[in-house]
Amino acid sequence: MKRALLLALALLAPALAQKPKVVIATGGVGGVYFYYGTALAEIWNKAGVAEAQAIQTAASIDNLLLLENRTGGGTYYCGTVLPDSAYLAYTGTHERFREKPAKSVRILFAMYPNYLHIVTREGAGIRVVQDLKGKRVSTGAPGSGTEVEALLVLQAAGLSPKDFAKQERLGAQESANALAEGNLDAFFWSGGLPTGAVTELSASLARKGQRIYLVPIDPKSTVAQTFQKRFPGLAGPGVIPKAVYGTRADTPTLAFWNLFVCPASLPEEAAHALTKATFENLQALRTAVAAAKDTAPENAVRFVGGAIPYHEGALRYFREIGALK
């Protein structure tokens with residue numbers, strides 16, 4: 001009897017060993033990343049595909065450093081990241097990754113988009129990105145995802161902050177206040193829809209008989225095409241509907257999809273199981289996090305073939321369900 005039990009345990013051991021320990025690096029408490037990662041950990045634990053826990057972090061760059069430097073000994077650090085941060089880390093063009101690019105990063109799936117807003121007002125003489133030349137412009141808070149995205153878009157447009165009459169580096173609320181007070185002509189912001197600071201600005205301008213204007217980045221424009229050529233797999237086309245902020249028309253722009261990433265060393269079977277558990281429990285994820293309404297198989301694979309590779313285990317799952325041919 002004892003021998004049979006030992007034999008059964010020996011046969012079971014490989015299956016038990018396949019259940020990975022996964023630490024999900026998120027962001028600050030109260031942010032979407034934190035809630036998203038916490039919900040994922042709960043889903044994975046309930047599904048029995050991992051021993052998962054979510055931890056609070058300083059978000060994207062911190063998460064990528066953890067993935068690169070702390071994965072090992074049977075524990076895998078995965079995380080929520082901005083696509084631009086992942087791109088800069090993977091290519092070694094971010095200062096924290098110049099010595100050692102984050103080449104072990106693999107995408108499991110794209111989560112939900114941040115929309116690039118280039119906010120100004122009607123009558124400011126800014127209709128396209130190139131019109132920012134000679135203007136007072138905020139490119140986002142120092143080190144923020146907004147700033148990274150703003151500088152990449154300016155590069156694609158053949159501009160730099162040196163072309164501005166004045167560059168500010170302010171967050172969304174500070175930028176909106178400065179524009180409302182006439183101390184700024186335009187500002188960049190990357191976030192979800194709607195962003196409260198932009199909604200308030202629209203109302204503030206309306207009270208003065210003015211109107212908000214969002215600078216378009218049409219998918220067929222030179223800026224968009226140059227951007228996609230230089231930074232493949234970093235952003236996709238997006239639209240900010242006119243009803244969101246009361247603009248005269250829908251505004252085409254770039255949508256930067258937040259990514260869920262894991263290390264290449266995560267076994268293929270484990271990556272497959274984690275991805276499968278996520279997409280078989282989407283209702284639970286969407287109930288926990290409103291932004292997860294955009295987490296869907298067709299969106300998850302948007303950047304296959306881009307600069308950062310997907311994990312083979314995730315790709316296998318998406319092929320099985322027909323999301324990827």
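## A walk through the strands, helices and loops

Strand β9 (residues 236-240) and β10 run antiparallel and are joined by five bridges, where helices (H or I, at least four residues) and strands (E, at least two) are DSSP runs numbered from the N terminus, and where two strands pair if DSSP finds at least two bridges between them. This is a predicted model, in which local features need pLDDT of at least 70 and side-chain atom pairs count only at pLDDT 80 or more, while totals for chains, interfaces and linings use all residues. Residues are numbered from 1 along each chain as its sequence is written, and side-chain values use heavy atoms, with hydrogens and water left out.

Within the pairing of β9 with β10, Gly 238 stands opposite Thr 253 of β10. Strand β10 is mostly covered, with 13 of its 13 residues buried; buried here means under 20% relative accessible area, exposed means over 50%, and partly exposed lies in between (1.4 Å probe, protein chains only). Strand β3 (residues 75-81) also pairs with β10 in the antiparallel sense, over three bridges, and the partner of Gly 79 in β10 is Val 261. A further antiparallel pairing, over eight bridges, links β10 (residues 251-263) with β4, and there Asn 114 stands opposite Phe 256 of β10.

From β10 the reader can move to β4. Strand β4 spans residues 105-121 and is mostly covered, since 16 of its 17 residues are buried. Besides its pairing with β10, β4 is joined by five bridges to strand β7 (residues 186-191), and these two strands run antiparallel. Two of the residue pairs along this join can be named: Tyr 115 has Gly 191 of β7 as its bridge partner, and Val 119 has Phe 187 of β7. Strand β4 also pairs with β8 (residues 212-214) in the antiparallel sense, over three bridges, and the bridge partner of Arg 121 in β8 is Ile 212. As background to reading such strands, in a regular strand the side chains alternate between the two faces of the sheet.

Strand β7 is itself mostly covered, with five of its six residues buried.

The axes of helix α5 (residues 145-156) and helix α8 (residues 222-230) come within 8 Å and cross at roughly 110°; axes are lines fitted to C-alpha atoms, for helices over the stretch in contact, and angles run from 0 to 180 degrees between N-to-C directions. The two helices α5 and α8 are therefore roughly perpendicular to each other, a class that covers 65 to 115 degrees, whereas angles under 35 degrees count as roughly parallel, over 145 as roughly antiparallel and the rest as oblique. Where they meet, Leu 152, Val 153, Gln 155 and Ala 156 of α5 are in contact with Val 223, Thr 226, Phe 227 and Arg 230 of α8, contact meaning heavy atoms within 4.5 Å. By class, this contact of α5 with α8 has five nonpolar, two polar and one charged residues, where Ala, Val, Leu, Ile, Met, Phe, Trp, Tyr, Cys and Pro count as nonpolar, Asp, Glu, Lys and Arg as charged, and the others, Gly among them, as polar.

Thr 278 is found in helix α10 (residues 268-279) and is buried, with a relative accessible area of 0%; leaving aside neighbours within four places in sequence, Thr 278 is in contact with Leu 40, Trp 44, Phe 109 and Leu 285. Val 29, by contrast, lies in the loop between β1 (21-25) and α2 (32-47) and counts as exposed, at 58% relative accessibility. With the neighbours within four places again left aside, Val 29 is in contact with Phe 34 and Gln 56.

Most residues other than glycine have a negative phi, and most peptide bonds are trans. Ala 59, in the loop between β2 (51-55) and α3 (60-70), has a positive phi near 80° although the residue is not glycine. Leu 193 and Pro 194 are joined by a cis peptide bond with omega about -10°, and Pro 194 lies in the loop between β7 and α7 (196-207).
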